[in-house]
Each structure stands twice: as structure tokens, then as C-alpha cells.
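Okay, thanks for coming, everyone. Let me put the structure up, and then we'll walk through a few spots together.

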Amino acid sequence: MAARKKNTNPPDRHLQQDPPPENKETHIETAGQPPESAPQAGEEKSHPGDRAAKQPAGAAKAETRKRAPGKRTRKAQSADSGQEAAREAPPSERPFPVVGVGASAGGLEALEDFLAKMPDNSDLALVVISHTDPGRTSMLPDILGRKASMPVVQVKDGMRVKPNTVFLPPSNRDLILEGDVFHLQEQHRGSFFRLPIDTFLKSLADARGEFAGCVILSGTGTDGTQGLRVIKEKGGVTMVQSIASAKYEGMPESAMNTGMADFILAPAEMPARLVDYFASGIRLVEAREEEVQADFPSILSKIVVAISSRTGHDFSQYKKSTLVRRIQRRMSVARCRTPQNYLTYLHHNPGEIEALFQDLLIGVTSFFRDPEAFELLSQHILGELLNRDRNQPFRVWVPGCATGEEVYSLIILILERLNELQIRREIQVFGTDIDRTAIDKARDGLYPESIAADVSPERLQLFFIKENSSYRIRKEVREPVVFAVQNLLKDPPFSRLDLLVCRNLLIYLEPKAQKKILPLFHYSLKPGGALFLGSSETVGEFSDLFSPVYKKWNIYRKVDSSPGMLPRVEFPAGAKLPSTLMEPRAVQPAPARSESVVEEATERLLLRQHTPACVVVNRRGEISYIHGRTGKYLEPAPGRISVNVADMAREGLRFELTAAIRKVAGSGEVIHRAGLQVKTNGGMQEINLTVRPLGEAESVSDLILILFEDVTHPPKTERTKKAKGAPDDDTTRIVELEGELSRIQQDHRTAMEELETSNEELKSVNEELQSSNEELQSTNEELESSREELQSLNEELSTVNAELHDKIIELSQAYDTITHVLNATRIAIVFVDKNLNIRRFTEEATNIINVIDKDLGRPLTHISTNLEAETLSEDIKKSIKELKTIEKRVKTHDGHEYFMRIVPYSNPKDVIDGAILTFINNTRE
């Protein structure tokens, strides 16, 4: 794979890669930051702020929805209810934060750096998810256990999560978290495409909400991107490894492109920021909860005004509880202890306003969110709606569409249903949102490959095109939709809708805003149209406007009421025109004329009045430029608009013009046709036609100039009239017409021959292209399958390689240690195999046997010794053959006495493989 230049700039303006020297963080704090915003040592740890209060009548049921990673059935308990109870519990009983750490290829080094800096008293639970080979036992627990200051344990099914511990799942199981309990589930072996990081992070978001965090480290692919989105939606913290420090940038880059990363840091800088984030957030809830809640009412309106002045969007009608909760989260990120500190921080850091704006939007969505609801919509609602008013477009509006996943999901359902019902009908879908960045992503229609967890393989093949590590929406799915930036509270709505889908937007609005929007939805729908709300939303007090079809998924049908019974609809007035457009323009004095202006005006007049009408076309006859009045010669052809000059030519001109263009395009000669009779409005006009190349310059060499010049005849007088009995002009006219007819017939035959030849060539080329296209599609599918398989194998091999590298280092260190120990004993030891070849020896052995490092592998009998014994080789063979230990005293030529022991040894298969010779110096003793 070719290396490509790494982009060190994060996608969001509020995320900076060049950290300040004091903390080296992504999130920069300027000099304008109040000193109180920094965390104080010795303060107690806790967790950030209050979640949403209960909804009033007519409002949404709860702020978050049930979610199930993959296709697993989740408990019907709302995640927010558990978090609400957690906040109301005493601090000692509140849940501790759990952080999911995702890594793949090249992630082992990053994990070691991350865990080496994580303190053992952080009060966090860490869960490390990596791409490992399911067929082998992972060595990660042993490797990371040597780096981490916290205990590293491998998860077993039913194990409870606890703080100050690192958890790792087995290689052949996917991990999920329900409440405080881990569960292991079987991996899908039918495909090489696995998303273990996304699977766990989604379950973590449901289980922990604001007490959840995710860290995305080095790796290929896009696993972890969808999980990061869900963590951010639930109010958790998100961290991504910086591109500059990542060995493989696929996963970090995909996560950063979401625009939802709170911090972009090197792995070694993350632990301190994680601990500080959760400690700062907990102080907001515990130590300063009453003070924060008391200060917010006065500060909140100022923050809303700051957002409005910067982004143009007014959040005053959003729920106060939601605003407070999101602001408190940003306070934890910015390490501001009070709302006043944060307001000051906003004024000094314009990028933070954009970050808060994105946090308030929480544009998190996915394909076919709540699959059961979409199945009901497809089977029981769309069929009826599509069968009505077939001669009219089927209109759908999706306000708050975020990055477009829900819009495309609806179009896929509609196209599938139309195909099942064998109906042809125009589709018009409108996707709107106030976030321009999200709308741009929706228009692009490019999504990470992790959407395979939500979209079936059949739909991926039919409605998506694979592009590297992403999927792009096909043209037929993209064409029916129009994406636009729109504020539901101030911009006009769409009307005459068959279906309106507004899921999980109303839950963020105050009841007053909801009472304004729901009548607007009723007005926008056709009679009998359907309204599809989120699972946590209802129509409230407007039950007389909408009748429920499926209460569980909040699918309603419009109820037609008499005009007198309908509530008053408050139509948004839209944005006011700028004051500059409302003021009358000042009269500007006429500029002084110059000689160049007079010259240009004169030239334009001469060209307009004295140059014949003409057009410039390319070699295909498509018009590029028109000069003068050409209406007498050309007119738009009925039907679909065409810019081909032959299609627009009037009667009497088309054949001559087509033939002339063809000849000029082929030979480059100038063609002149005189006396052509062209039918105009009310008669015939005789013209001269000239067709010639426009010029020889390369920029215009493929252009052709067509000149039309009227022929005028002087009026006839009595003297010029022919006498009676003279030959009639009809004979001359007949000869001219016969010649013209012969020329036309010849041109027609030539054109037909060329056309037949071209058709045959095109048929042949088309057949070859179809055959090549089928081969390419087949090859592409095989290559795509092989690429995914190789990518998965590469990630697993990369992890295994890193583990083996660590194991080799460990074994090398152990070998060096053993060698030093043996040399320190001052005992001569020699290892030989059953053929008496030397395998190993200690330094002390060189005093007895004249052996050096290069002698490894040589027979012992080929090397001279200092021993006076003559039977050394026979003693070794006897020991190996009889499997017994031989001990005796031997002397060297220099007078030293040694106690020699020969012991046979066996290999791991319990087969005798050689002998060990030890010599203990008795002289020293």
C-alpha cells in the first residue's frame, strides 16, 4: 500500500493539534481563561451534571432511545432512567465511569503508552477491545499486565465491572455491557467483517450514558466510528489518537471526520485528561450542584445569545435541562468550574461556541434505527400511501435529518416497496437540518464501512457502492432527495406531504415550541398522510389532529377536521431581509466617458448591424455561441430541450446544414451553399449558407462557424419583364429543384451508409463493453471480498506480530539473565546433542575445553581439551545410551582437579536428545 501524506489538522475548528506547552492538549485554553477554571488539587471526584427532567404534558417521553448494537435484543429499560437514578443516589452509590478503548493494527504500542500513564487510583474501569485472531489465545493480558499499574483481567461471561481495573475479552468472543455485568456473545463467522469495538461501545453508551467514555487508537478501517457517535449522543467523553502519533491512521481519521471528538491527543497524554474530565464533571454535580443550578438561570440566556450571535440559531426554545446538561459537559471539557467561568471562556475562545453548538445539536443517527419500526412502516404504511394518487409525486419530509442516514433509509424502503408493488411513481424527499456541516455530509452520501452492522448485505449490494473503507449511496437513491439547511422554528415548512418523519427532535424542545410545531405538521400533511415520530415522543394534547396507527413506535395518521375545529397554525415568518436591502439605493453619479468606452460601444454596434447572423458549434453540432438574430433560421424543437443546431434548423436548411458540418468536421474545408430556400413564418427566405472552421488555434480548433446571409433581389421593372411567348421561369426552377433533390438524395445515401456503419461499430463496441463490464464487476466483487479478508487478517497478524515481538524481547531478556547466572556460578557447563555436537557452553568451560563461539555445532571429538582423561567421548556416549549419570574426578594438564558429572537430558517430547557436562573445580575448594 502506498504511503500517503498524513493530515495533522483535525476536522473541527475547536480542536487544535498544537497543544499549549503546559498540558499538550488538543483543547487549547487561552489567556482569557479565568484562573478558577483549572481543577484544584485535593478536590473530591464525582460526575457531571443533571440529565433532563421529566417531560411535561404533550412533550417527549424521554430524551434517549433504546438501542441494540447489531441485532441483539436489548432490555426495554431506558438508559436515561438509570442515569437519573444514579444522579439522585448518594455519591458513594453513583456509578463509576467506564471507558472503552478500541485499537487495531499498530495499536499495541499506543495501548502500552496509554496504560503506562494511567494511575492505579483513577476510579475508572478500562475495557480494551482489539482486533485479534479468534483461532489463537491472545497474549495481550500478559503484555499489557507488565505495563499497566492496574490489574489486567480477562473477562468471563457474567463478570461484574469494577473500577481501577483493565478488562480484556477473549479472542473468540464479542463483549457487551448490560448494567454492571459483562456478557460474551458468539462472533459471526460467516463474514470476515467484524465490528467488535462498535458493538461494545454502543452497549457501553446504553449502560453508562454520561459515565461512559471512548478512546480510539491506531488501526485500519472504520471500526469504532459509530460507537463514538453513540457515546457522544449519550453525553460521554470521546478521545481520538492524533494522526501524527498513530501507526495506522484509518480508525483515528474516520473517528475525527465525524466532528465529535472532544480531544485529539497522543496516547500518553490521554489518561491525565480522562481522569481530570470525570473528576471535573463530578465536582459539578456533587460539590457545586446547588451553586451551579442557582447560577445557570442568569447565565444561560447570555450563553444562548452568544451562540445565536455566532451561528445565527436561537436555542431559547430548547429545553433548559438539555441546555444545562450539554453546557455542563462542555464545562468539564474546558475545565471551567462555574457557569460564569464558562461564559468568560466562550468570549475568549470563539471556537468553543462552535463546539457547544455541535454538542447541542447531537446529530447522531444511523441507518434503519429501530429496525422493527421501519419494518412496520414498510409493510403496513408505505404500501397504502404509495397506492394513492399515483399520478402525483410521493412527497416525504425529514426535518432534523442530521447526516442523512434516516433519509436514505426511507428512500431504500420506498424503492423496495415500489418494486414489490410494481408501481412507477415519482419520489420527492426533503431532508433538512440547521447544521450546514451535517447537510454537506448528507449530500455527499459517503459513510464508513461500519454501517454494515445496520444495513443488510443485500441492501449494501443494491443501494451502495464500495469505495475503499467507505460506502457511497448509489445515484438512484440520491436523485430523489433534496437536502437543505432549515430551521424548523423560523423557516417555512414543506406542504402536501404523504409522509413526515421527525424522530427524536421534539424531545429537545420546550412544550411551547412543540405546541407550535405539531399543528404545522398537521397542515403540511395531505389528508390521510402519516406522521412518524421517535420512540420517546408523542403528539400529546393534539390527539384530535393525529390518530395512532402503532402506539409503540409512535406512527400516526392525519385526522381531517372541520376548519373551525383546527388549532391556529403559526407559520414561521422566516429570516428578515438585511437592512441594506430595505433601504433605497443612493443615486450614483454617471462615470466619465473614456475613449476606450466609446471605441468598444462603436465596435459592438458595427458587429450587431453589419455582421451576418452566425452560430459557433462543436464537431457534434452543439451550439456554443450565437451572434445576431438567428430566429429566421433556427427555432427550438418541440419536446426535450436540445442545443444541437441540426435539431433547431428550419425546414429547407436541416439536410444541407448537417451535411456541411459533417464535411467540415472531417476535412476542414470551407463549405458554401447559395440560394437555399428556408421556410420562415409566412413564406420562404432565400439565404446563402457558409460553414467553415473557426480557426487554427488549438483552443478553437474543434469549433465550427456557421454564417446565415439573406439574399435580396431587386424589384422587377417593365423593361426587364420577358415578352409574351418567352420560355417560362418554371422550367429553370424545375431544373434547380431537380439538382437540389439529387444532391439531397446523394447526401442522404451517404449519411445512411455512415449511420449504418456507425451503428454496427457501436453495437460491436457495446457488446465488448458489456462483456468487459460483467468481467470487471465479477473481478471487483472478488477483489473486494479478498480485500476485506486480507484487511481482517492483516489486523490480526499485526496484533499477533506485536505480541510475538514482545515475547521475543522477553525471552531474549530471560536468556541473557540465565547466561549471566550460569557464568556467575563459575561452573563449567557444556551441552552436547546425541551426536556429541556442541550446543551451548559457559565461559568457565573454555578453561577445560578449547572451544570458542564459532565451534557451536562442531563435534566435541574434533576439539582438543586440557583434560588428562582419555575416555570423555566414550563416557558421554555411555551416559546417553544407558540413560544414567556418570560422575568421576578428572585432572587437567595444569594440575587442577574437577568433579565431572555427565547427565543425559530429553527434549519436550521426552526423547533423549543429548547430555550435559558439568565440571566443578575441587582445587579451589
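So, to start: where is Gln-392 found? Gln-392 is in the loop between helix 12 (371–387) and strand 10 (394–399). Helices here (H or I, at least four residues) and strands (E, at least two) are DSSP runs, numbered from the N terminus.

Quick caveat before I go on. This is a predicted model, with residues numbered from 1 along each chain as its sequence is written, and local features need pLDDT of at least 70, while side-chain atom pairs count only at pLDDT 80 or more. Totals for chains, interfaces and linings use all residues, and side-chain values use heavy atoms, with hydrogens and water left out.

Back to Gln-392. At 29% relative accessibility, Gln-392 counts as partly exposed; buried means under 20% relative accessible area, exposed over 50%, and partly exposed is in between, with a 1.4 Å probe and protein chains only. Not counting residues up to four places away in sequence, Gln-392 touches Arg-425, Arg-496 and Lys-526, where contact means heavy atoms within 4.5 Å. With Lys-526 there's a side-chain to side-chain polar contact at 3.3 Å. By polar contact I mean a pair of N or O atoms within 3.5 Å; within protein, one must be able to donate a hydrogen and the other to accept it, and residues adjacent in sequence count only if both atoms are side-chain atoms.

Next up, Ser-218. Is Ser-218 buried or exposed? Ser-218 is buried, with a relative accessible area of 0%. Its place is the loop between strand 7 (212–216) and helix 5 (225–233). The Ser-218 side chain has a polar atom 2.9 Å from the backbone nitrogen of Tyr-248, and the side chain also reaches the backbone nitrogen of Lys-247 at 3.5 Å. Leaving aside neighbours within four places in sequence, the contacts of Ser-218 include Gly-106, Gly-107, Met-251 and Pro-252.

Now, charges. How many salt bridges does a search of the whole structure find? There are 36, counting a side-chain nitrogen of Lys or Arg within 4 Å of a carboxyl oxygen of Asp or Glu. Let me pick out a few.

Glu-510 and Lys-320 meet at 3.4 Å, N to O. That pair links distant parts of the chain, 190 residues apart: Glu-510 sits in the loop between strand 16 (497–502) and helix 17 (511–524), and Lys-320 in helix 9 (residues 320–334). Lys-320 is partly exposed, at 40% relative accessibility.

Then there's Glu-352 with Arg-330, at 2.9 Å, N to O.

Asp-875 is in helix 23 (residues 872–882) and Lys-888 in strand 27 (residues 886–891), so the pair ties together parts 13 residues apart in sequence. Asp-875 is buried at 11% relative accessible area, whereas Lys-888 is partly exposed at 28%.

Last stop, a hairpin. Strand 25 (residues 828–833) and strand 26 (residues 838–841) run antiparallel, joined by 3 bridges; strands pair if DSSP finds at least two bridges between them. Val-830 stands opposite Phe-841. The hairpin has 4 residues between its strands, and Leu-836 in the turn has a positive phi of about 65°.

That's my tour, thanks!
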